Amino acid sequence: MKYSEISHFSHSQHKLKFEYSEVPFKCDGCKEVGIGSRYKCSMCDFDLHMHCALPSPSISHPFYTKCSFQFLSRPPGDKPRFCNACEKDVTGFVYHCNSCGYDLHPCCAKLPMVLDDGEVKLYLYRKVSSSCHKCGRKGRSWSYRSSCKKYNLHVACVKEMLVENWYELYFGRGNKMSGGRKLETRIPSLKNTLQTHHKSKSKGKVRKCCDMASLAVQFVISAVLGDPTTLIAGVIGSLMSRG
């Protein structure tokens, strides 16, 4: 459920208002980057993903049927922890299974099991046997794979692409929004990477295949950023084409 305005325990001094942004922002809850729908305090430049602003107290996940994940405002214990979906550090809000020790970023925990834009249908897998279009490796983190099994992309690789292109937004200091505006055209492109997988095909087939794969990438990126909608995927595609 979406509310136009909420109160949140992590920012009790002001209410947060729902807004939509085509500029990337850093979530002050999970400390990950987002785009699209968010809750924001304009006075304090405080932002939360939808999933961080309106978390469930506990969740289950089809990949971990024996686990019960509890929402925590900070990682448990004093040792570094990582997300079992994307392999990236957990430094803020997290879903944690006490019995198994698994951790999931809120946006990773809520990744859709199926992404479907009408042309490309992508399914989320815990592990796949085929190689990733980005890194060329098998296994590793959760992956999105197309129903035709031609396109496969690790969630971890998408995160790495975003960190590389938005390093300042992830780790920089100072005004978050100015960093976002400065870096907004630097959405990563997989064009050259994708073409290396199709050396034996004709140029026309390569172009069509890569166009379809790029469409798939747009939806995976939008899902990882917390807003897996057709509108945001279109924004991601527009920014990719500028880069």
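This note goes through the salt bridges, the strand pairings and one loop glycine of the structure above.

1. The model is predicted, so that local features need pLDDT of at least 70 and side-chain atom pairs count only at pLDDT 80 or more, while totals for chains, interfaces and linings use all residues. Residues are numbered from 1 along each chain as its sequence is written, and side-chain values use heavy atoms, with hydrogens and water left out.

2. Eight salt bridges are found when the whole structure is searched, a salt bridge being a side-chain nitrogen of Lys or Arg within 4 Å of a carboxyl oxygen of Asp or Glu. One of them joins the side chains of glutamate 5 and lysine 15, at 4.0 Å from N to O. This pair links distant parts of the chain, with glutamate 5 in strand S1 (residues 5-6) and lysine 15, 10 residues away, in the loop between S1 and strand S2 (16-26). Helices (H or I, at least four residues) and strands (E, at least two) are DSSP runs, numbered from the N terminus. Glutamate 5 is partly exposed, at a relative accessible area of 37%, where buried means under 20% relative accessible area, exposed over 50%, and partly exposed in between (1.4 Å probe, protein chains only).

3. A salt bridge also connects glutamate 160 with lysine 88, at 3.0 Å from N to O. Here too the pair links distant parts of the chain, since glutamate 160 belongs to helix H3 (residues 155-165) and lysine 88 to the loop between strand S6 (64-72) and strand S7 (94-97), 72 residues apart. Glutamate 160 is partly exposed, with a relative accessible area of 26%, whereas lysine 88 is buried, with a relative accessible area of 19%.

4. Salt bridges that share partners join Glu19, Arg38, Lys40, Asp45 and Asp47 into one network. Within the bridge between lysine 40 and aspartate 47, the closest N and O atoms are 3.2 Å apart. Lysine 40 counts as buried at 10% relative accessibility, and aspartate 47 is buried at a relative accessible area of 1%.

5. Four strands make up an open sheet in the order S9-S10-S11-S12, with antiparallel pairing, and two strands are taken to pair if DSSP finds at least two bridges between them. Strand S9 (114-116) and strand S12 (152-154) stand at the edges with a single partner strand each, so one side of each is left without a neighbour in the sheet. From one strand to the next, the twist averages 20 degrees; axes are lines fitted to C-alpha atoms, for helices over the stretch in contact, and angles run from 0 to 180 degrees between N-to-C directions.

6. Within that sheet, S11 and S12 pair in the antiparallel sense over three bridges, and arginine 145 stands opposite asparagine 152 in S12. H3 lies across S10, S11 and S12 and runs at about 65 degrees to S12, contact meaning heavy atoms within 4.5 Å.

7. Strand S5 (residues 58-61) and S6 run antiparallel and are joined by three bridges, forming a hairpin with two residues between them. Isoleucine 59 stands opposite phenylalanine 69 in S6. S6 is also joined to S7, by four bridges and again in the antiparallel sense, with leucine 72 opposite valine 94 in S7.

8. Glycine 136 lies in the loop between strand S10 (121-125) and strand S11 (143-146), and this glycine is partly exposed, with a relative accessible area of 42%. Glycine 136 and histidine 154 are 18 residues apart in sequence and 9.9 Å apart in space, C-alpha to C-alpha.
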